[in-house]
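Keep the structure open as you read.

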Amino acid sequence: MQRILITPRPDWKDQAETLGFQFHTIDGLPYWDESAYYAFTLRQIEEDLEQPSQDIHDMAMALVGEVVESEELLGRLHIPPSYWDWIAASWRAGEPHLYGRIDLAYDGKGPAKLYELNYDTPTSLYESAYFQWLWLEQQIAANALPAKADQYNSVQEALCETFATLAREQRIGQRVHFAAVRESVEDQATVLYLRDCANQAGIDTALVAVEDIGLSADGWFTDCGDNVIQTLFKLYPLEFMMEEEFGPSLIDNRMQLLEPPWKAVLSNKGVLPLLWERHRGHPNLLEAHFEASPGADLARGFVRKPLFSREGANVDVVTSDGERFGTPGPYGNGPGIVQAYHPLPAFDGNYPLVGSWIVADRASGVGMREDATLITQDTSRFVPHAIID
Amino acid sequence: MKRSRYLRLTLMAVVLPAGLAGCESGQPTGVVLNSIADCRAQQVEVAQCEAAYNKAITDHQRVAPRFADAVQCQQDFGQCEAVQEEGRTSYIPPMGGFLLGYALGGGFNNNSGMRGVSGGVPLYRDYRGGYINPNGDMVSRQPGAVTGKRGSIATPARAITVSRSGFGSSSAARGSFGSRGTGG
């Protein structure tokens, strides 16, 4: 694994603008950064990232099956009790799911370590699945990369296949609505991209902003045209939906959700200690525990994360030397977990985090995000990768 | 190879003129007709079309969407009729057209120059004039050819009991999801 400088494609910005990647620059700062790429060997990809991702996914899925049948575990995850039956029923019914992202710390040697699972509302999908792929194809065509260079990235193919299969097996409605919050350019682009994949699979699609979802007098969720929403792909946290005004109506199951209700288990940082309890010492897991008591001092060499948080917000770190740092955020002082501190590797002063994609149930590719600090946040940069053997 | 072989974008590629971008691949899969009289103007054997229409008429009572509440049925469709089943009264809309499904592929038979027919299902006109199939899905807003799954003549094995003013009912409230937050 190396970080290699490379000349950006001269027209990459124009391409991004016309291909729906308007968020290549966020708040004036570069987000897409192709001035460098990470080079992996095929062995590193297959043995250190692909197989471990598959293993972690399989462990996570087994854990869902256990959690939904246990009131004690659902309680430890602070999932609202009024939704337990709904979540469990969605699991027992085999409600389909689409994708998730496993965040791994990996330095090219030794086992990749699981930081966390993003299984409910993962972003960085479009740039990983499509724009990164385009970069590789064009850099090969321009002789900037060897002809036999490759990339661990069949994410879009897998997404299209998954949509096509779900439609063929009639496991989703005849029309699928795609929703994100109205004002988020990045989230909107992510759902536009997923909708594009569904469209390519021949599925009738529609868009609705999360804020615009309506509820009819007799309990149907509707879009702006008052059409019933049969299946909703929502890039919006299940735990928010459950707390908000319309939440109780979800239990009526008149609207199918993608990701399905059982993903509420896996979007919760509490799965990290539960996985550790069940697979103590697994080479790809970091030691993790539920926080003993709120406000208790963080032991040296541990990271605290709220049960419910995203984009690296509200993370507190105490290094083994006792140094403290952290990130602010909106997720407050709710219950949390602690996880062994395992810093990201540094490459020329950059700290890359591997986002490993699971589509349906298969490990399908990776995308790299770099930050200038040890906590990867929504300000990090996306840097492409290649397999160079 | 560890990467996708060939990728494209359809709806997202804004360089394409709107309308071209979302085109489904080619062939219609069926056609929405108002009555048996329309069979003569189709690219199918008239006898096959009429048989499909008669099948739809026959299936209508069995597969029509059921409403427990007469008022809801009236609001969504109008002219609803009460039916007695297993000691319960429910309400069904009148058949307001039918979907003629094309045989797999939707292409023309080389000998006859006609399209093959896979069958027919009754359709129901909602209060805005849309054609709704027995599954409750919108097939089209007007008569004529349809593509993709809209041409599907699959019907429920038995009537689904619905009490949905979901067919375009007005929303009682909005803005109750999405007061904060985004993906990660």
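## A three-stranded sheet in chain A

First off, bear in mind that this is a predicted model. In chain A, take the open sheet of 3 strands: the order is β1-β4-β21, and the pairing is mixed. Strands β1 (2-5) and β21 (385-387) of chain A sit at the edges with a single partner strand each, so one side of each has no neighbour in the sheet. Going from one strand to the next, the twist averages 35°.

Strands of a sheet pair through backbone hydrogen bonds, and they can do so parallel or antiparallel. Here β4 (residues 36-40) of chain A and β21(A) run parallel, joined by 3 bridges.

Two helices to look for here are α2 and α5 of chain A. Helix α2 (residues 42-67) of chain A lies across β4 and β21 of chain A, at about 75° to β4(A). Helix α5 (residues 125-141) of chain A packs on the sheet too, touching β4 and β21 of chain A, and its direction makes about 55° with that of β21(A).

Two packed helices are described by the angle between their axes and the distance between the axes. For α5(A) and α6(A), the axes come within 8 Å and cross at roughly 110°, so these helices count as roughly perpendicular to each other. On the α5(A) side the contact uses A:Leu125, A:Ala129 and A:Tyr130, which meet A:Val155, A:Gln156 and A:Leu159 in α6(A). By class, that's 5 nonpolar residues, 1 polar and no charged ones.

Next, α6 (residues 155-168) of chain A packs with α7 (residues 185-200) of chain A at about 60°, their axes 8 Å apart. That pair is therefore oblique, and the crossing is right-handed. From α6(A), A:Gln156, A:Leu159, A:Cys160 and A:Phe163 meet A:Tyr193, A:Leu194, A:Cys197, A:Ala198 and A:Gln200 in α7(A). The class tally for this contact is 7 nonpolar, 2 polar and no charged residues.

## A hairpin in chain B

Over in chain B, strands β3 (residues 81-85) and β4 (residues 88-92) run antiparallel, with 5 bridges joining them. B:Glu85 stands opposite B:Arg88 in β4(B). The hairpin has 2 residues between the strands, and B:Glu86 takes a positive phi near 45° there.

## Disulfides

How many disulfides are there over all chains? The count comes to 2. One disulfide joins B:Cys39 to B:Cys49, at 2.0 Å from S to S. The link of B:Cys39 and B:Cys49 is left-handed, with -75° about the S-S bond. B:Cys39 lies in the loop between β1 (28-33) and α1 (46-63) of chain B, while B:Cys49 is in helix α1 of chain B, so the pair ties together parts 10 residues apart in sequence.

Most residues other than glycine have a negative phi, and most peptide bonds are trans. A:His78 isn't a glycine, yet has a positive phi of about 55°. Look for A:His78 in the loop between α3 (71-76) and α4 (84-92) of chain A.

There's also a cis peptide bond joining A:Leu258 and A:Glu259, with omega about -5°. A:Glu259 is in the loop between β12 (256-258) and α10 (263-266) of chain A.

Key:
Residues are numbered from 1 along each chain as its sequence is written. Chains are lettered from A and ligands numbered from 1 in the order in which they are written. This is a predicted model: local features need pLDDT of at least 70, side-chain atom pairs count only at pLDDT 80 or more; totals for chains, interfaces and linings use all residues. Side-chain values use heavy atoms; hydrogens and water are left out. Two strands pair if DSSP finds at least two bridges between them. Helices (H or I, at least four residues) and strands (E, at least two) are DSSP runs, numbered from the N terminus. Axes are lines fitted to C-alpha atoms, for helices over the stretch in contact, and angles run from 0 to 180 degrees between N-to-C directions. Contact means heavy atoms within 4.5 Å. Angles under 35 degrees count as roughly parallel, over 145 as roughly antiparallel, 65 to 115 as roughly perpendicular and the rest as oblique. A crossing is left-handed if the near helix is turned anticlockwise from the far one by less than a right angle, and right-handed if clockwise. Ala, Val, Leu, Ile, Met, Phe, Trp, Tyr, Cys and Pro count as nonpolar, Asp, Glu, Lys and Arg as charged, and the others, Gly among them, as polar. A disulfide is a pair of cysteine sulfur atoms within 2.5 Å.
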